[in-house]
Amino acid sequence: MADNYVKLIDVDTGFIIVSSNMRVEIKYGQFAISLANSSCNDMYKLFSDFITHNHYLEMAQQLQKKSILPRLIGEDVIDLIFKDLYAPTTQLLAKDDISPQQAMAISRLLLHELKYNFMNDKQIDLNHLINYIPLIFVSDEVHQHIRKMLLTNTSAFTSDLQNEINQLNIPMSIMTLDDGTPVTVYEIENTLSYLVLDLQKYFLSKKRVVECHNCHKLFYPNYRKSEIYCRYKHADGSKTCNIKMQHSTDDDFAKLARRARGYQHSRCYNSSTQQKYNKTPDFLPSLYEEWSTECRQHHIYFKELDDFKGFQKWVDDTKFTANELEKRFQEYSNKK
Ligand SMILES: [Zn+2]
């Protein structure tokens, strides 16, 4: 029999996704995080390529136009058509902290949505892909929005998109588990409804994600809120950001600061620079002292964040090149 329902059972720490032959638990927020960390385009492309190159859908469209096929396509036919989409969808979803089993459950939900979009359409029109592709993969705007929300950027709550989300209506009921515990069950029509529930639960919980300073993905810190590198395994098999960035030890920061000081000092005190600015003898010493103080502050700041790249960038950006010296000199003269 066709798989015609998807339910979410709320179990206090996450949802169990239930479809006819599968039960998989996913922690609150995990779905939203996986969306924020993935590109909308990959999934959009997978769905749009499949739909536009599918021989059966093309045929159904033609037959409907000629009134040979009934206006609504049956579930069995649609199930057959989308069977082959299941594996590639699962493969795209299973990454970062989404396990293969969880990816399978989410794929079910996505294909369920896709299937109903086709079944409810009176006249198939393959030129209007937006009518069929699951809402959460139609535009990257949704992903950006989720990202902002997860990082609790308050502006995200007042946007038009949030208003749209607030209009959703999700049927729910109460069910009793085998041990007598009553739980809330949501009947889900599309992945957007799941996403909204997931975000709501995320905000009710106290845990918050942070952004990885290396790969910019969102992750739950394991030990401290101040952790800045994720532990996600990268698809290319390279080390996790957390391991890769560990090599920036205290020594590295100190070495870089020392090297930068040497460079800046020699730029200020070499004879040609001295000669160039000799009419304003206070300029170069005060410039160097000021920079040196800033360097000390930035050294401490970036070391606390364990952000070696950030410190390196600051050093590079403030290098006393000929142009930079000229610029600083103009600023110095204007202040006088
Ligand atoms: Zn990372």
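I looked up the two domains first: the C-alpha centres of domain 1 and domain 2 lie 53 Å apart. The chain is divided into domain 1 (6–183) and domain 2 (248–335), with bounds that come from an automatic or database domain assignment.

I noted that this is a predicted model, in which local features need pLDDT of at least 70 and side-chain atom pairs count only at pLDDT 80 or more, while totals for chains, interfaces and linings use all residues. Residues are numbered from 1 along each chain as its sequence is written.

Next I turned to Tyr-229, which lies in the loop between strand 7 (218–219) and helix 10 (241–244); helices (H or I, at least four residues) and strands (E, at least two) are DSSP runs, numbered from the N terminus. Tyr-229 is buried, because 21 other C-beta atoms lie within 10 Å (buried means 20 or more such atoms within 10 Å of its own, exposed 12 or fewer, and partly exposed in between, with C-beta atoms placed from the backbone). I also found that the C-alpha atoms of Tyr-229 and Cys-215, 14 residues apart along the chain, are separated by 8.2 Å.

Last I examined helix 13 (residues 283–304) and helix 14 (residues 308–317), which pack at an angle of about 155 degrees with their axes 8 Å apart; axes are lines fitted to C-alpha atoms, for helices over the stretch in contact, and angles run from 0 to 180 degrees between N-to-C directions. Helix 13 and helix 14 are therefore roughly antiparallel to each other (angles over 145 degrees count as roughly antiparallel, under 35 as roughly parallel, 65 to 115 as roughly perpendicular and the rest as oblique).
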